[in-house]
Amino acid sequence: MNYSSLRSSVFVTVAIASASTVFAAPVKVDVEAAMKVFKENECHKCHNPDKEKKGPSFKKIAAKYRGKPDAEQKLIKHMTTGPRIKLENGKEEDHKIIDTEDPIVLKNMAQWILSH
Ligand code: HEC
């Protein structure tokens, strides 16, 4: 192999590798960490991955936000600002504010919910 064909094959390999990171970029969710925060914050009193409780199931939330690019931000805002909500039984209250301001924890939580 001469120098120029070696150079172009290196170039192609690098191009393929970087293209796949751009396009595939799977969001990695740390499920265990998310479940721990979920339990510690008593989110499970009102949410379940696939059953409707006082609040919507994660399946329902994920379906509502599917394909929406601002889903993660919306969920983080919801979890951190305590908006007024209506429970399934018609009662109104302020939503629970999650007990963390760590952006990594919040992002993981939002992506875990959206992964359902
Ligand atoms: C007292 C019951 C209750 C608790 C506890 C609770 N939630 Fe909720 N949550 C609700 C209800 C009810 C809604 C639906 C609000 C609406 O759509 O108006 C909701 C909605 C949501 C949504 C969807 C917002 C949207 O835009 O559709 C997310 C995300 C969420 N909760 C996350 C959490 C997390 C994380 C916790 C724990 C920190 C938590 N919730 C604790 C009742 C609760």
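Val31, Ala33, Ala34 and Val37 in helix H2 meet Val105, Asn108, Met109 and Trp112 in helix H5; contact here means C-beta atoms, placed from the backbone, within 7 Å. The residues of this contact divide into seven nonpolar, one polar and no charged. H2 spans residues 31-40 and packs against H5 at an angle of about 95 degrees, with the axes 9 Å apart. Axes are lines fitted to C-alpha atoms over the stretch in contact, and angles run from 0 to 180 degrees between N-to-C directions. H2 is therefore roughly perpendicular to H5, a term covering 65 to 115 degrees.

The model is predicted: local features need pLDDT of at least 70, side-chain atom pairs count only at pLDDT 80 or more, and totals for chains, interfaces and linings use all residues. Residues are numbered from 1 along each chain as its sequence is written.

The protein chain has five helices and two strands, in the order α-α-α-α-β-β-α. These are DSSP runs, helices (H or I) of at least four residues and strands (E) of at least two, numbered from the N terminus. Of its 116 residues, 12% are buried, with 20 or more other C-beta atoms within 10 Å of their own.

Around the ligand lie 23 residues, and Asn41, Cys43, Cys46, Gly55 and Ile85 come nearest. Near means a C-beta atom, placed from the backbone, within 6 Å. By class, the shell has 11 nonpolar, five polar and seven charged residues. H4 gives the most, with four residues. The table lists the elements giving two or more.

| Element | Residues |
|---|---|
| Helix H3 | 58-65 |
| Helix H4 | 71-81 |
| Strand E1 | 84-86 |
| Helix H5 | 103-114 |

Nonpolar covers Ala, Val, Leu, Ile, Met, Phe, Trp, Tyr, Cys and Pro; charged covers Asp, Glu, Lys and Arg; the others, Gly among them, are polar.

Technical notes
Angles under 35 degrees count as roughly parallel, over 145 as roughly antiparallel, 65 to 115 as roughly perpendicular and the rest as oblique. Two residues are in contact if their C-beta atoms, placed from the backbone, lie within 7 Å.
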